[in-house]
Amino acid sequence: MNAEIAVIKILKDSAGVGALCADRIYPLEAPATTQFPYCIVELNGNEPFPTKDGTATVEHSSVNVFSYGKTYKEAYTLANAVKAALDGTAGTHQSVVVADIIYRGETAFSEEIENTKIYAKDQDYLVRIKL
């Protein structure tokens with residue numbers, strides 16, 4: 001659970017992301033009335049890496065960030081700002097010590113919700129946490 005907390009904090013502190021979606025960055029699900037564009041952050045799993053004495057000092061977490069927009073360009077622009085904020089980032093965020101964040105790729109998709117077409121970019125990140 002630590003990785004997504006750090007990612008949300010980094011995104012909310014980013015001027016580039018904030019200029020596009022303010023603080024509309026949510027874990028797992030956005031409220032139904034959320035204005036576009038916005039982001040959803042989702043933890044897909046984590047794996048501790050124990051040392052020789054058995055104690056894990058680093059954890060690798062897979063985190064996806066979904067950037068949603070009313071147009072493909074809006075989703076694409078937000079996703080680029082997210083990547084700029086996260087890729088290569090390290091430091092302490094919400095008391096979580098992030099060793100680094102590595103961008104691993106993305107996909108794009110569209111869907112229809114209540115007769116409205118929306119667009120999204122799904123980006124995958126490896127977040128290395130120091131325990």
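Me: Contact here means heavy atoms within 4.5 Å. By that rule, which residues does histidine 93 touch, not counting those up to four places away in sequence?
Reply: In this predicted model, histidine 93 touches Ala6, Lys9, Ile10 and Val98. Histidine 93 itself is placed in strand β4, residues 91-93.

Me: Why is histidine 93 called buried?
Reply: Its relative accessible area is 16%. The cut-off for buried is under 20%, so histidine 93 falls on the buried side.

Me: How do you know whether valine 17 is buried or exposed?
Reply: The relative accessibility of valine 17 is 0%. Buried means under 20%, so valine 17 counts as buried. The residue lies in helix α2, which covers residues 15-21.

Me: What is valine 17 in contact with, leaving aside its neighbours within four places in sequence?
Reply: The contacts of valine 17 beyond those neighbours are Leu11, Ala22, Ile25, Leu78, Ala81, Val82 and Ala85. Glutamate 47 is 30 residues from valine 17 along the chain, and 28 Å separate their C-alpha atoms.

Me: What makes a group of residues a nonpolar core, and which residues touch the most other members of the largest one?
Reply: The members must be buried residues of the nonpolar kinds, joined through side-chain atoms within 4.5 Å. The largest nonpolar core has 24 residues, and those touching the most other members are Leu11, Val17, Val65, Val82, Leu86 and Val127. At least two residues of this core come from each of α1 (2-13), α2, β2, β3 (56-69), α3 (72-86), β5 and β6. The largest share, 6 residues, is supplied by α1. Apart from this core lies another, of 7 residues, including Ala30, Tyr38, Ile40 and Phe66. As background, nonpolar side chains tend to be buried together in soluble globular proteins.

Me: How many aromatic pairs are there?
Reply: The count is 7 aromatic pairs, where ring centres have to lie within 6.5 Å.

Me: Why is the pair of phenylalanine 36 and tyrosine 38 called tilted?
Reply: The ring centres are 5.3 Å apart and the planes stand at 40°. Stacked would need planes under 30 degrees apart and edge-to-face over 60, so this pair is tilted. As for accessibility, phenylalanine 36 is at 24% and therefore partly exposed, whereas tyrosine 38 is at 10% and therefore buried.

Me: Why is the pair of phenylalanine 66 and phenylalanine 109 called edge-to-face?
Reply: The planes of these two rings stand at 75°. Over 60 degrees counts as edge-to-face, so the name applies. The ring centres are 6.5 Å apart. Phenylalanine 66 belongs to strand β3 and phenylalanine 109 to strand β5, so the pair ties together parts that are 43 residues apart in sequence. Phenylalanine 66, at 13%, counts as buried, and phenylalanine 109, at 28%, as partly exposed.

Me: Which residues do ring pairs link into a cluster?
Reply: The cluster consists of Phe36, Tyr38, Phe66, Tyr68 and Phe109.

Me: What lines the largest pocket?
Reply: The largest pocket holds about 340 Å³ of space. Its lining has 13 residues, of which Ala32, Phe36, Tyr38, Ile113 and Ile118 are the closest to the centre. By class, 9 of the lining residues are nonpolar, 2 polar and 2 charged. β2 (38-50), β5 (96-113) and β6 (116-130) each contribute at least two residues to this lining.

Me: What kind of peptide bond joins phenylalanine 36 to proline 37?
Reply: The bond is cis, with omega near -10°. Proline 37 sits in the loop between β1 (25-27) and β2. Most peptide bonds are trans.

Me: Where are serine 95 and glutamate 114 placed, and why are both called exposed?
Reply: Serine 95 is in the loop between β4 and β5, and glutamate 114 is in the loop between β5 and β6. The relative accessibility of serine 95 is 72% and that of glutamate 114 is 75%. Exposed means over 50%, so both residues count as exposed.

Me: What is phi for these two residues, neither of them a glycine?
Reply: Phi is near 65° for serine 95 and about 50° for glutamate 114; both values are positive. Most residues other than glycine have a negative phi.

Terms used:
Residues numbered from 1 in each chain as written. Predicted model: local features only at pLDDT ≥ 70, side-chain atom pairs only at ≥ 80, totals over all residues. Heavy atoms only, no water. Helix = DSSP H or I, 4+ residues; strand = E, 2+ residues; numbered from the N terminus. Buried < 20%, exposed > 50% of the residue type's maximum accessible area, 1.4 Å probe, protein only. 1 Å grid on protein atoms, 1.4 Å probe; cavity = no way out; pocket = protein on both sides within 12 Å on 5 of 7 lines; lining within 4 Å. Points joined across faces, edges and corners; volume = space filled by probe spheres on them. Nonpolar A, V, L, I, M, F, W, Y, C, P; charged D, E, K, R; others polar. Phe/Tyr/Trp six-rings, centres within 6.5 Å; stacked < 30°, edge-to-face > 60°.
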